[in-house]
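Please find below a note on the model under review. The points are meant to be read beside the sequence and the coordinates.

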Amino acid sequence: MSATPFDMGLPPGLPRDHGTVVTVGTFDGVHRGHWAVLQEIRRRAAATGRRSVLLTFDPHPLRIVRPGHAPPLLTTPIEKKEIIAESGLDYAVFLAFTPELSRYEPRRFVTEVLVGRLGVDELVIGHDHGFGRGRSGGVGTLRSIGEELGFAVDVVPPVTVGGEPISSSRIRAALRAGDVEVAERALGRPYAVRTLVVRGEGRGRQLGFPTANLAVSSSDKLLPATGIYAVHATTRASCHGGALHLGPRPTFAGSPPTIELHLLDYDGDLYGEEVRVDFVRRLRDVRPFDGVEALIAQMREDVEEARRVLEVA
């Protein structure tokens, strides 16, 4: 019985006729460091006639073992699947991370999951990999078990940006600071948020800048710092540049925070549609204005600045 390429449960067993090259981890963000690991297992599998397998988890393990310390997600499960689908791997297995699984000691996890279910012949991991109860297992543990059970273990060195290893935590820090360009360099692609267009107050149209009011589809998804951003927005039918407001609206007393997207050179109605927003550059802070006319003048500047940024992005 073979696993489907994107199976939300652990398959009874992968095909054993060729063997497998496996990597395992949370892979939140699927950043350039993660991508190096995925391409390494794909390369090794192709060279040896084996199957390449990624084992990842949903939900994020910290949501089970330390909920108060669980980070917001860089990629939701759907987004992660879409990115991994471009990797060329044979299989991506999404394993439900449960309280029971969190109590597995390293040896049990390896024997039952990696060997028993995935038939690992080669295990390739990132430089900072930890696994098993309390992350008590590391590279040394894996190599010791691998020697005993007959599979090889290798480590892919970190990918660096600015002399520092890329990590999901560093990307989160950049996004919280509004530095979406640093995040893009680490991810290898713009940071994206998938949103649904919902009814708003229509204030943008009243001001001469019609906007799509956005509701993020997952409460676990990390949003960049509040501000005005130049973005690309992709709908089912097309892709447009835009200027996006993320955060409070201090000029209008009592108005709640919003995410509002103004598409350049577009005058359609996106209500009810799903939109993917790619963050290109943060243009400025959100700040109050003395009146509506001052706000409109600034919005006009923001739109033109977004247009200039996107022309060279």
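1. Basis. This is a predicted model, in which local features need pLDDT of at least 70 and side-chain atom pairs count only at pLDDT 80 or more, while totals for chains, interfaces and linings use all residues. Residues are numbered from 1 along each chain as its sequence is written, and side-chain values use heavy atoms, with hydrogens and water left out.

2. Barrel. In the order β9-β10-β13-β12-β11-β14, 6 strands close into a barrel with antiparallel pairing. From one strand to the next the twist averages 45°. Helices (H or I, at least four residues) and strands (E, at least two) are DSSP runs numbered from the N terminus, and two strands pair if DSSP finds at least two bridges between them.

3. Pairing around β12. Strands β11 and β12 run antiparallel and are joined by 8 bridges; a hairpin of 4 residues connects them. β12 also pairs with β13, again antiparallel, over 6 bridges. Gly242 of β12 is the bridge partner of Val231, and the partner of Gly242 in β13 is Leu263. Of the 9 residues of β12, 8 are buried (under 20% relative accessible area; exposed is over 50% and partly exposed in between, with a 1.4 Å probe and protein chains only). The strand β12 is therefore largely enclosed by the rest of the structure.

4. β9, β14 and α8. Strand β9 (residues 191–198) pairs with β14 in the antiparallel sense over 6 bridges, with Tyr191 opposite Phe279 of β14. Helix α8 (residues 180–187) packs on the sheet and touches β9, β11 and β14; contact means heavy atoms within 4.5 Å. The direction of α8 makes about 125° with that of β14, where axes are lines fitted to C-alpha atoms, for helices over the stretch in contact, and angles run from 0 to 180 degrees between N-to-C directions.

5. Helix α10. The 21 residues of α10 (residues 292–312) should span 30 Å at 1.5 Å a residue, and the end C-alpha atoms are 31 Å apart, which agrees; the expected span is 1.5 Å times one less than the number of residues. Its buried residues, among them Leu295, Met299, Val303 and Leu310, fall within an arc of 160° seen down the axis, so they line one face of the helix. The arc is that of the directions from the helix axis to the C-beta atoms. Glu293, Glu301, Glu311 and Val312 are exposed on the face turned away from the buried side. The buried residues of α10 pack against β11 (227–234), β12 (239–247), β13 (258–263) and β14 (274–284).

6. Nonpolar cores. Such a core is a set of buried Ala, Val, Leu, Ile, Met, Phe, Trp, Tyr and Cys residues joined through side-chain atoms within 4.5 Å. The largest has 29 residues, and Leu244, Leu261 and Phe279 have the most contacts inside it. α8 gives the most to this core, with 4 residues. A second, separate core of 23 residues includes Val53, Leu55, Phe151 and Val153.

7. Thr235. Thr235 lies in the loop between β11 and β12, and its 12% relative accessibility makes it count as buried. Thr235 and Arg276 are 41 residues apart in sequence, yet 6.7 Å apart in space, C-alpha to C-alpha. Neighbours within four places in sequence aside, Thr235 contacts Leu270, Glu273, Glu274 and Val275.
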